[in-house]
Amino acid sequence: MHRGPAVNPEGPEITDLLIDMDPRSLERRPVQKGAVVAELEAQGMRWGAWVARGLPERGEIDRLFVRVHAEMQRLWEEFLQGERMRALLAPLVKALRASGHGGRVRVVDVGCGLGYLVRWLAARGELGAEVELLGCDYNGALIGAAERYRREEGLRCGFRVANAFTLEEPATVYISTGVLHHFRGPSLAELFRQQRGAQAFVHLDIKPSYLAPLGSLLFHVARMREPISQHDGTLSAVRAHPGERLLEAARGAVPSHEVLLFDGEVGRLPILRTMLGVIGLAPGLRGPFVRELGPLAGRLGATQG
Ligand SMILES: C[S@@+](CC[C@H](N)C(=O)[O-])C[C@H]1O[C@@H](n2cnc3c(N)ncnc32)[C@H](O)[C@@H]1O
């Protein structure tokens, strides 16, 4: 047994260490379990090293990833992630129309995992036939499962093993959930920089607060079965970027766009707000977007820079 949940806020999540993928060729390089354990130990992450020692052999890792993402899907169901994204995306699509964007709107989910968000939007988003929903992920096992669920559910959306930023037909709008905190330092700015060509982006991630790490630890230990989900889920809340950091990175990387936080005050009990959003809008979109958002626009208020 490990001696207490020692996590290093700047240390990596285990899932990030387990996949070594070239973003250009999408070639997956083999990862040795011993190297993962050694890296976690070197970073003072006793809990993580203990979890990594118990990982299955290499051939089983893809199946483990599918189970971990299924646990994450249950979390997103509880956190109403689909509803949250639709509440922002539907007004955004209307704003695009109002500002003269005709034809198809291509919405690309960056790092879609099992495609929960895209499948939710396809089933219940009511975004219209002219909105194309595409989920991209480097991980073929996750995309394979997403595609299987799409077929079973008979949904009008697509999934692709691809770098979301090098698609032949680029996105009109980039979206994501639970992805931003995986990008640290200069790679966060680089993530935003690659979205310069889009009309807009809407990224949702965990909202950091003094209660989030404890809440996340309790929640993940109570609700998740895989030790790696418990560890990485807890660490996600510790590593979540503060809104100001997201704003600074996005504004610096995409100066042409107006960048806003979707957040708002929650008083003394931050557990009432678990997620925040960072939204980028091409010139001319802000006015129509705010109008279409209606009362929800109040949650953009505190962040106007
Ligand atoms: C923590 S998972 C998030 C899964 C999913 N969004 C969810 O909420 O369940 C992050 C995923 O992002 C993927 N990823 C990161 N950058 C990407 C990119 N540029 N294009 C496609 N996938 C990317 C990784 O392969 C990884 O599976």
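Trainee: Let's begin with charges. How many salt bridges are there?

Mentor: The general idea comes before the count. Side chains of opposite charge can pair when their charged atoms come close. In this predicted model, the count is 21 salt bridges.

Trainee: Could you show me one? Which side chain does Arg29 meet in a salt bridge?

Mentor: Arg29 meets Asp20, with 3.1 Å from N to O. Arg29 has a relative accessible area of 33%, and Asp20 has 31% relative accessibility. Each value falls between the 20% and 50% cut-offs, so that makes a residue partly exposed.

Trainee: Where do the partners Glu169 and Arg106 lie in the chain?

Mentor: Let's take the pair itself before the places. Glu169 forms a salt bridge with Arg106, and their closest N and O atoms are 4.0 Å apart. Glu169 sits in the loop between strands E5 and E6, while Arg106 belongs to strand E3, so the bridge ties together parts that are 63 residues apart in sequence.

Trainee: And the accessibility of Arg106: buried or exposed?

Mentor: Buried, because Arg106 has a relative accessibility of 5%, and the cut-off for buried is under 20%.

Trainee: What about Asp263, which residue does it meet in a salt bridge?

Mentor: That's Lys207, at 3.0 Å from N to O. This pair also links distant parts of the chain: Asp263 is in the loop between strands E8 and E9, Lys207 is in the loop between strand E7 and helix H9, and they are 56 residues apart. Both ends are buried, with Asp263 at 11% and Lys207 at 13%.

Trainee: Which residues do salt bridges with shared partners join into one network?

Mentor: Arg104, Arg106, Glu132 and Glu169.

Trainee: Which polar atoms lie by the ligand's nitrogen and oxygen atoms?

Mentor: Asp137 has a polar side-chain atom 2.7 Å from a ligand oxygen. For Tyr138, a polar side-chain atom is 3.2 Å from a ligand nitrogen. Thr177 uses its backbone instead, with a polar atom 2.9 Å from a ligand nitrogen. As for cover, the protein hides 88% of the 610 Å² of accessible area that the ligand has on its own.

Trainee: Last topic: how many aromatic pairs does the structure hold?

Mentor: For each pair, read the distance between ring centres and the angle between planes. The structure holds 4 of them. Trp76 and Phe79 are tilted, at 6.5 Å centre to centre and 50° between the planes. Trp76 is buried, at 8% relative accessible area. Phe192 and Phe201 have their centres 5.5 Å apart and their planes at 45°, so this pair is tilted. Phe192 is buried at 0%, and Phe201 is buried at 0% as well.

Trainee: Which rings form a cluster?

Mentor: Ring pairs link Trp76, Phe79 and Phe219 into one.

Terms used
Residues numbered from 1 in each chain as written. Predicted model: local features only at pLDDT ≥ 70, side-chain atom pairs only at ≥ 80, totals over all residues. Heavy atoms only, no water. Buried < 20%, exposed > 50% of the residue type's maximum accessible area, 1.4 Å probe, protein only. Helix = DSSP H or I, 4+ residues; strand = E, 2+ residues; numbered from the N terminus. Polar contact = N/O pair within 3.5 Å; in protein donor to acceptor, adjacent residues only side chain to side chain. Areas by Shrake-Rupley, 256 points an atom, 1.4 Å probe, with all protein chains shown as cover. Phe/Tyr/Trp six-rings, centres within 6.5 Å; stacked < 30°, edge-to-face > 60°.
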